[in-house]
Amino acid sequence: MKKKFILATSLCFAFALGTVTASQAASTLEKIQANLNHGLTFLLNGESWSPKDSNGKPAAPISYQGTTYVPLRAVAEATGADITLDVAKQQISISTGKTGSNTEGAQGVRTPFSENNVTHMEWSYYTSGVTRNKEDLRFGETQYQAAFTVSDIDSAGQGVAFKVKEGTKKMGVLIGFKSSENESTGSYVIADKDGQALATGQIGSGKVTNNELVLPKGTKELYVKFKGKPGTKSAGFVIWDESWIEN
């Protein structure tokens with residue numbers, strides 16, 4: 001019998017949205033025996049995709065009595081839906097239309113940066129990657145949680161490259177910069193794969209700045225190049241917190 005793929009909220013409370021309290025579990029949950037299906041793979045808009053939980057760890061689907069259950073939050077975020085869980089009411093809310101995070105008059109849905117919708121890419125000889133180091137991500141009084149980053153920036157420049165999901169029309173990109181000289185200033189360029197500049201700017205050490213981009217049709221790859229003051233060593237950041245994509 002052909003298996004169905006169901007976004008089953010009853011099996012996904014603990015799996016995708018968090019654990020309920022013991023008293024609620026006793027009255028509403030039914031114990032079953034199921035299997036994590038590590039052999040199942042996914043395509044999202046024709047490209048390979050892997051669901052992850054809220055901590056960024058792989059979240060395997062569950063196979064139970066001929067039906068495959070997938071992690072609801074991972075699928076919702078990857079497809080641009082907004083999802084919340086009200087533990088007291090035992091109610092999941094899914095929104096595929098405009099949300100409160102949309103700007104007035106916006107037509108799409110804004111989704112925060114996450115491992116489900118932004119992917120780091122290798123770019124030339126630049127040594128870049130993902131950081132969650134709290135010291136690196138402390139800017140003034142603000143503590144950020146995750147970012148793409150590249151170090152050893154000087155006047156020759158260093159870059160970060162990343163890919164967003166197909167169909168992205170707009171982006172909000174939060175840029176950060178730190179230098180070995182606290183008073184120095186760096187510059188950055190955000191470009192597509194053809195080298196067309198989508199945003200440019202100057203940024204002081206220890207500062208962040210936001211860029212709202214309208215992407216050319218079909219654009220999925222973004223390249224951010226930083227330059228610093230000659231003789232200094234700096235680091236550049238594409239900060240996930242407050243960054244977003246819009247379909």
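Which side chain makes a polar contact with the side chain of Ser234? The partner is Ser179, whose side chain sits 3.3 Å away. A polar contact here is a pair of N or O atoms within 3.5 Å; within protein, one must be able to donate a hydrogen and the other to accept it, and residues adjacent in sequence count only if both atoms are side-chain atoms.

Some ground rules before going on. This is a predicted model, where local features need pLDDT of at least 70 and side-chain atom pairs count only at pLDDT 80 or more, while totals for chains, interfaces and linings use all residues. Residues are numbered from 1 along each chain as its sequence is written, and side-chain values use heavy atoms, with hydrogens and water left out.

**Around Ser234**

Ser234 belongs to strand E21, residues 234-246. Helices (H or I, at least four residues) and strands (E, at least two) are DSSP runs, numbered from the N terminus. With a relative accessible area of 5%, Ser234 is buried. Buried means under 20% relative accessible area, exposed over 50%, and partly exposed in between, with a 1.4 Å probe and protein chains only. Not counting residues up to four places away in sequence, Ser234 touches Val150, Ser151, Asp152, Ile153, Phe177, Lys178 and Ser179; contact means heavy atoms within 4.5 Å.

**The cores**

Next up is the greasy part. A nonpolar core is a set of buried Ala, Val, Leu, Ile, Met, Phe, Trp, Tyr and Cys residues joined through side-chain atoms within 4.5 Å. The largest one has 25 residues, and Phe162, Met171, Ile175, Ile190 and Val238 have the most contacts inside it. Strands that each supply at least two residues of this core include E14 (147-153), E15 (158-164), E16 (170-179) and E21. The largest share, four residues, comes from E16. A second, separate core of eight residues includes Phe139, Tyr144, Leu174 and Ala235.

Back to Met171: leaving aside neighbours within four places in sequence, its contacts include Phe113, Phe162, Leu222, Trp244 and Ile245.

**Rings**

The structure holds eight aromatic pairs. Rings of Phe, Tyr and Trp (its six-membered ring) pair if their centres lie within 6.5 Å; planes under 30 degrees apart count as stacked, over 60 as edge-to-face and the rest as tilted. Here are two of the pairs.

| Pair | Centre to centre | Plane angle | Type |
|---|---|---|---|
| Trp123 and Tyr126 | 4.9 Å | 85° | edge-to-face |
| Phe148 and Phe162 | 5.2 Å | 20° | stacked |

Phe148 lies in strand E14 and Phe162 in strand E15, so their pair ties together parts that are 14 residues apart in sequence. Both Phe148 and Phe162 are buried, and both Trp123 and Tyr126 are buried too. Ring pairs also link Phe113, Phe148, Phe162 and Trp240 into a cluster.

Two charged residues lie over ring faces. Arg110 is over Trp244, at 3.7 Å from the ring centre, and Lys178 is over Phe139, at 4.7 Å from the ring centre. The rule is that NZ of Lys or CZ of Arg is within 6 Å of the ring centre and within 35 degrees of the ring normal.

Ser124 has a positive phi of about 50° although it is not a glycine. Ser124 is in the loop between strand E10 (118-121) and strand E11 (128-131), and is exposed at 56% relative accessible area. Asp152, also not a glycine, has a positive phi near 60°. Asp152 lies in strand E14 and is partly exposed, with a relative accessible area of 46%.
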